[in-house]
Protein chains: 2
Amino acid sequence: VKNPKVTKLVEKLREISYIDSANTLMEWDMEVYMPKKGAESRSQIMGYLAELSHKMFVSFGFERILNSAIAELKKGVLDENEAIIVRRTADDFEQEKKLPSEFVRECAELYSRAYTIWVDAKAKSDFSLFLPSLKRIVELERKRAEYFGYVSSPYDALLDLYEPKAKAEELSSLFDDQKAFLVPFIAKITGSARYASMDRKLLNRPCDLRKQYRFSKRTVRQMGFNFEEGRMDASPHPFTTMIHANDHRLTTRYQRHDVLGQALMSMIHEAGHGIYDQGLPPEHYGTPLSEFISMGIHESQSRIWENVVGRSLPFWKYLYPRFQKAFRPAFDDISLDAFYCHLNYAQPSLIRVDADEVTYNLHVILRFELERGLIEGTLKVEDLPELWNAKMKEYFGLEVPNDAHGVLQDVHWSGGSFGYFPTYALGNLYAAQLFDAAKKQIPGLFKQIENGQFAEFKEWLRINIHQHGRRYSPQELIWRATGESPSSSHFIDYLKTKYTEIYEF
Amino acid sequence: VKNPKVTKLVEKLREISYIDSANTLMEWDMEVYMPKKGAESRSQIMGYLAELSHKMFVSFGFERILNSAIAELKKGVLDENEAIIVRRTADDFEQEKKLPSEFVRECAELYSRAYTIWVDAKAKSDFSLFLPSLKRIVELERKRAEYFGYVSSPYDALLDLYEPKAKAEELSSLFDDQKAFLVPFIAKITGSARYASMDRKLLNRPCDLRKQYRFSKRTVRQMGFNFEEGRMDASPHPFTTMIHANDHRLTTRYQRHDVLGQALMSMIHEAGHGIYDQGLPPEHYGTPLSEFISMGIHESQSRIWENVVGRSLPFWKYLYPRFQKAFRPAFDDISLDAFYCHLNYAQPSLIRVDADEVTYNLHVILRFELERGLIEGTLKVEDLPELWNAKMKEYFGLEVPNDAHGVLQDVHWSGGSFGYFPTYALGNLYAAQLFDAAKKQIPGLFKQIENGQFAEFKEWLRINIHQHGRRYSPQELIWRATGESPSSSHFIDYLKTKYTEIYEF
């Protein structure tokens, strides 16, 4: 960035990012290390910082600086990077200006408190404890949609925050298609002889928690997550966060009898996110060039590592002997083949984050339908547990035993994230499509994976996805990387091939 | 606080504290968990936040609000709490306004970077790596003294930041007195038969680091540090920090062969600080009523726990059987009497933080003389290692083998803290004096300590010291708690009685 007007703009954007970075650390710390009684004071501070950041962004001073930069853009004197910074910032400004400061502050304070309330309600498995907060959250998110404006559904306004230009109606038909594929496909799996012969608890061997931590860390390092600019900690819900340039953090949770489901595979998932973040150009910290483009694209990066690579046979040809050794003798009696099949055990289940890649999108579809209803005003918050449980019955044939295993399982709504869930399903679609392209462009990719060599694959992702920040729209980015518009066919083909082989039908 | 003008003032003070709290967390995290490569970006952010906080405090807007509150004070309509908030804030404002924003920012950025450089220089034991930073730091601190103004010595201006109203000349004569007492007293100790018979390595038994962590934590909890609003972590240099109301953090370091010197006694020391912080009224967060009065008073709270209580025979009558059990069989062959004597082993040594309570103040005096010289311009930074080593020879008869064990050992100068060291010595004086008062006022205090009951003692400290925040000056606070002005006689009597008994002369 050389243009003086854009330089000035970038300086201001950085100052705002400094506040956001401090707030991000406060948030990370709140979920990882903060003592319990610090919650109230922490909420106030986080609320204040969010408001301050918002005020700085929508201030007259900032607007003047932005307008000077926009004038340069119109004169056509900016280079490509400068133009993107100005264009995206102008879009963000239009959007942000729509929200009053008090609204932003109320949200930040409420959501910080609601998080603690949700943790408690989930621990006690009692939705009624969380109900008053969630009612207020839904009110605020409906209000947010009104502030932003929309054409057909208020839900579109929220969706746009996570997946620019996505629409509820389009997702709805996309998801109906997937439901149509998934329900019979899952029936085929659960009806197979192989499925009947499998032991769903086979991989739940007791493993020392510190060994789980060390093995996960080693694996994630080998994938290419850089611990010189990153960390790994424990928290109730796994997440990835960028504190600021060169400081990226992953968290997961550990359970003695679930090294794969809770620790390792979650960590591979989060490291996929972290590697994306680390691939954003740090020299553009604070500007749209160093920001991720969409949640769907972000999720594609975690899913491509967790599922497409991390649950593939080549990956485990490499890792399994090391895994066996690390947890000796827990897995000594399990062959690679049996391990691989059971790692890809697909079954209807209650908990989204534990769900396999076949049933996962059905969990998302359930949430999408419910939250869309809440935001469009066709469903009531009070009715959520009942509706949730009915859909679980309809889609999975499962009874929900309690709220902790049902409507209270996810952190998202406590943070006001409506419109976020669908991006998980998009992530799966993008991941399959990107991997097909990488396979074509990297000779011997599977061989590399079999040898534990991930550098070229990581570099392919960096060049095609990470380095671009918000340069292109999600659709354009996928098109540039793969030569096609986003489509679900790669994902469906991927599931068909892989699971037909595993379940031998 | 009811007066509307003061309420407005408190609101503004809180907002500034929100920024400071975020910055404090950034700093804590930098020393405890930040990935290495995050340092540069972190420095920038911390510099910006420090400047922002400073700007908010010295802004016209704040001045107007402060002046309205001062007008109320002059009208005589404020209650005692309100009056103190206004008076102390007015003093701070006068002081702060003297520093230009750019100066504050330069300091914050430099000191954050200098910390990393110091860590590296210390690891490599090479003063020359740290020299350029330290030269700039001394320049800035001399400049700070000029901004603040002073009567006789620029060092007084800096001292005032840590111990309000203390003067270099007074300290100098106080310290010369102590030198006069300490040097022959130490000679008496090291000349005694008991000293000759003692094994300075007796307590350096190997202890599992996690057991050290757990035992330290249990001890600190029993003292009364509240972990529902606090934490305990590891860092290269032990410290205590208050993130915000109800969030207080201690750190220490662990070495396998030094559970007492490095982990436990440091932790008891830091917990003394932490208990003071937790005793400041959280409802006054952000105002002078919830701030500590001076570093000397703060240090008295750590010293009273670490030394006066934590190295006393009654304390170990309680703790020693538990300690032996926790680290079984490492200390099984050491009697309580031998343990107690060796825990109070007094000897000339190189490292201040490892020094015993007899020799400790000599370490402080050495630093005081050097840093006073640097700030008054009579010494040059380049000459520090040589001067340091010469004084170590003169006061302790010791050769300094390298910079890491000499001039590079302390973190303080890397953070521009000149005038801080003397408060450690004041802390020792106050601690002895406060304990003598507590002993008179709490019947059976030693008996309580023998039974592991610390609640009444902690409450005595809370009522007499902690709850007052910056209500009284250090001198007045000591007078109110003990009925006397601060004096060194309690400390000298304490050392004489205790060590004459231990060393049998």
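Strand 2 (residues 240-244) of chain A pairs with strand 3 (residues 247-252) of chain A in the antiparallel sense, over four bridges. Helices (H or I, at least four residues) and strands (E, at least two) are DSSP runs, numbered from the N terminus, and two strands pair if DSSP finds at least two bridges between them. This is a predicted model, in which local features need pLDDT of at least 70 and side-chain atom pairs count only at pLDDT 80 or more, while totals for chains, interfaces and linings use all residues; side-chain values use heavy atoms, with hydrogens and water left out. Residues are numbered from 1 along each chain as its sequence is written, and chains are lettered from A and ligands numbered from 1 in the order in which they are written.

Within this pair of strands, Met242(A) stands opposite His248(A) of strand 3. The two strands form a hairpin with two residues between them. In the turn, Asn246(A) has a positive phi of about 65°. Strands of a sheet pair through backbone hydrogen bonds, either parallel or antiparallel.

What lies around strand 2 of chain A? Four of its five residues are buried, so the strand is largely enclosed by the rest of the structure. Here buried means under 20% relative accessible area, exposed over 50%, and partly exposed in between (1.4 Å probe, protein chains only).

Contact means heavy atoms within 4.5 Å, and 36 residues from chain B and 36 residues from chain A take part in it. Together the chains bury about 3100 Å², 62% of it on carbon and sulfur atoms. Buried area is the accessible area (1.4 Å probe) that two parts lose on being put together, summed over both. Tyr18(B), Lys37(B) and Tyr48(B) supply 20% of the area that chain B buries against chain A, more than any other three residues.

Six salt bridges are found across the interface of chain B and chain A, each a side-chain nitrogen of Lys or Arg within 4 Å of a carboxyl oxygen of Asp or Glu. The side chains of Asp29(A) and Arg249(B) meet in a salt bridge at 2.6 Å, N to O. Among the elements giving two or more residues to the side of chain B that touches chain A are helix 1 (4-32) and helix 2 of chain B. Helix 1 of chain B gives the largest share of that side, nine residues.

Turning to buried sites elsewhere, six of the eight residues of helix 14 (residues 336-343) of chain B are buried, so that helix is largely enclosed by the rest of the structure. Its buried residues include Phe339(B), Tyr340(B) and Leu343(B). Their cover includes helix 9 (193-197), helix 11 (259-279), helix 13 (313-326) and helix 21 (489-503) of chain B.

Ser216(A) lies in helix 10 (residues 209-223) of chain A and is buried, with a relative accessible area of 0%. Its side chain reaches the backbone oxygen of Gln212(A) at 2.7 Å. Leaving aside neighbours within four places in sequence, Ser216(A) is in contact with Met232(A), Ala263(A), Leu264(A) and Met267(A).

Terms used: A polar contact is a pair of N or O atoms within 3.5 Å; within protein, one must be able to donate a hydrogen and the other to accept it, and residues adjacent in sequence count only if both atoms are side-chain atoms.
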